[in-house]
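Hello,

Here is the structure for you to look at. My notes follow below it.

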Amino acid sequence: MSDTSGLITPALVDLHLAPQDKSEALRALAQRLVAEGRVTDLDGFLADVAAREAQAPTGMGDGIGIPHCRSPHVTRPSVAFGRSARGVDFDAPDGRPADLIFMIAAPAGADDAHLRILAALAGRLMDPAFTGALRDAESPGAVAALVNGEEPPVAAAPEPAAVAESPDPETPAPETAAPEAADADAGLRLVAVTSCPTGIAHTYMAAKALELAAARAGVRIQVETQGSAGTTPLAPEVIAAADAVIFAHDVEVRDRARFAGKPTVDVGVKAAVNRADDLIAQAAGLVAETGSGARAAAAPVAAPSAPSALSGTTGEHWAQRLRKYLMTGVSYMIPFVAAGGLLIALAFAIGGYRIASAPSVLGHFDWTSSHSWAAMLFQTGKTSFGFLVPVLSGYIAWAIADRAALAAGIAGGAVSVAVGAGFLGGIVSGLAAGFLVLWMIRWNVPRAIRGIMPVVVIPLLSVAAVGFLMFVVVGSPIASAMSGLTDWLNGLSGSNAILLGVLLGAMMAFDMGGPLNKVAYTFAAGALTAAGTTPDAGSLKVMAAVMAAGMTPPLGMALATVVRRRLFTPEERENGKAAWVLGASFITEGAIPFAAADPLRVIPANMVGSMTAGGLVMAFGSTLRAPHGGIWVLPLIGSPFLYLVAVVAGTVVTTGVVVVLKGMRRPAVPAAPDAVRSGAEQELVGA
């Protein structure tokens with residue numbers, strides 16, 4: 001362990017702590033921190049400690065209590081230690097009063113180095129030699145030396161060499177350490193993830209407990225600690241080689257999809273601290289039940305980049321941070337895009353384009369009718385699409401300020417849909433919600449309301465503020481602009497046909513389902529309803545141009561992921577496979593994940609390609625009598641061959657432009673986008 005001098009001093013040690021109850025013990029230790037200048041406000045700090053105690057008991061069992069918190073009243077990472085002969089009840093699972101009490105105090109803005117020190121201390125609490133030495137210490141100076149790492153405890157029995165322990169939080173291991181080549185298939189292999197709300201103590205104690213239990217059982221294990229000292233993700237090869245996984249967590253596991261297909265033990269973090277042997281045995285039992293081959297159940301998945309302690313963005317350019325926020329929203333939105341879009345495409349294939357106007361299947365469903373099944377698929381897919389913008393907005397906010405921002409982000413996205421601001425409005429609402437909440441959780445509020453900040457005050461104020469932004473500031477200007485734009489489009493019909501096709505193409509591609517897209521589509525659909533019987537009526541050409549322009553963005557992105565794979569992340573390449581079907585079905589939203597992740601390059605490319613397709617359709621004179629359907633309504637298209645030529649041309653142009661633009665920057669890293677969580681002020685955010 002590296003030098004940790006200053007974490008505790010003899011003045012912060014009380015070897016004769018004799019409180020009447022827990023609150024008195026907490027106050028006595030906090031007073032020592034105040035006397036040493038480590039805490040500036042005794043009552044404010046105690047309120048923060050009490051708020052953490054209210055989340056979950058901090059009694060670890062075996063006579064150890066670890067009250068802890070992050071607080072703006074702490075000046076530097078510190079530990080106050082008390083030893084009580086009679087013990088203090090910290091609600092430990094074994095019912096044993098704590099005779100060793102560690103009050104861990106972290107500043108609200110502690111840096112990585114200090115948080116790693118606290119994390120390492122938490123892990124050492126699981127070492128019987130360490131706690132035994134503390135019980136035998138005869139002076140405050142001896143205790144301080146032990147905690148600061150200046151005096152080693154009596155060495156415990158060495159652990160079996162076969163155990164591959166997780167990296168000490170003090171000394172991060174290489175980010176993608178490969179598993180050992182030798183003994184690759186010898187014995188049971190496990191991986192684990194531990195996390196807790198504050199990310200200071202339980203996370204690392206659980207990891208150490210699992211490692212020790214695995215050593216006793218002769219099992220190989222590697223643990224990923226998702227705590228405030230930063231995260232070194234498990235290497236993809238390690239995950240692929242594991243027989244089972246243990247999740248010991250009180251907050252959501254980051255990038256859980258990496259472990260898909262593995263037998264899983266899923267428990268709270270304290271279960272790993274107190275019942276580590278049982279969890280190892282349970283994991284072994286699951287492997288025995290599933291039989292051999294578990295290691296091949298999940299192919300290697302690229303590990304996410306490791307976020308720093310609080311913001312997850314230390315040392316990164318602001319543009320890189322912004323991209324991570326956007327990619328987080330996109331990664332959670334993609335399943336809704338794929339499911340909704342493919343269901344709609346399947347509905348068109350079964351029921352034709354008229355299925356879009358079918359009545360609700362509630363009360364009108366016929367089990368024997370293909371039309372009813374098509375209507376059900378269409379309406380389910382359309383409902384799934386309704387979540388795109390709220391989910392995008394919500395998880396952009398979540399990436400910035402964690403769970404406290406989720407409500408405001410989702411609400412802002414829903415309002416964005418209601419006012420017609422589309423996915424661009426969702427990006428605005430997500431960023432606004434995230435940074436607003438990130439600012440709010442740093443408030444130094446009165447003690448009386450500190451406990452209700454994460455569940456009442458922050459959601460109330462942030463949702464109201466983001467709602468005001470989207471309804472009043474963004475909504476009204478968009479509504480006025482859309483009305484004027486529709487009137488202007490009506491004036492471009494006739495002799496300006498090619499110009500109209502180019503303009504409609506640009507609108508269809510700019511926001512891919514947003515307000516401009518909807519104005520262009522509504523203009524075309526409205527003209528279609530007024531079309532006469534003439535086969536080459538101008539309104540039929542407008543509808544054909546709009547649909548071709550709407551098909552081009554996802555098709556262009558899909559093609560780009562094939563011809564220049566290295567420019568896209570693995571997740572984008574997977575989404576490109578679905579984009580083929582979505583684009584062919586006239587579901588422009590299939591390009592949204594690409595545009596949300598890299599709007600400055602993708603949107604211009606989409607617009608140029610769609611303008612090409614729209615202009616060519618008008619020049620070729622292709623017509624369309626259906627308001628939707630893509631290739632599924634090809635028999636209803638006039639001059640279908642020329643229409644397909646226009647779509648292909650637009651697709652190729654889109655691909656060419658996006659490849660050139662993306663090629664002007666560094667290639668995307670070949671890792672799946674991390675669901676970045678800021679971790680900021682987790683004591684307020686965590687449950």
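Predicted model: local features only at pLDDT ≥ 70, side-chain atom pairs only at ≥ 80, totals over all residues.

Is Phe586 buried or exposed? Phe586 is buried, at 5% relative accessible area (buried is under 20%, exposed over 50%, partly exposed in between, with a 1.4 Å probe and protein chains only).

Residues are numbered from 1 along each chain as its sequence is written, and side-chain values use heavy atoms, without hydrogens and water.

Backbone. Phe586 is not a glycine, yet its phi is positive, about 60°. Phe586 sits in the loop between α20 (570-584) and α21 (592-597). Helices are DSSP runs of H or I with at least four residues, strands runs of E with at least two, both numbered from the N terminus. Ser639 has a positive phi too, near 55°. Its loop runs between β12 (637-638) and α23 (640-663). Ser639 is partly exposed, at 35% relative accessibility.

Cavity lining. β7 (189-195), β8 (220-225) and α7 (236-241) each give at least two residues to the lining of the second largest cavity.

Helix α16 (residues 453-490) holds Val456. Val456 is partly exposed, with 41% relative accessible area.

Best wishes
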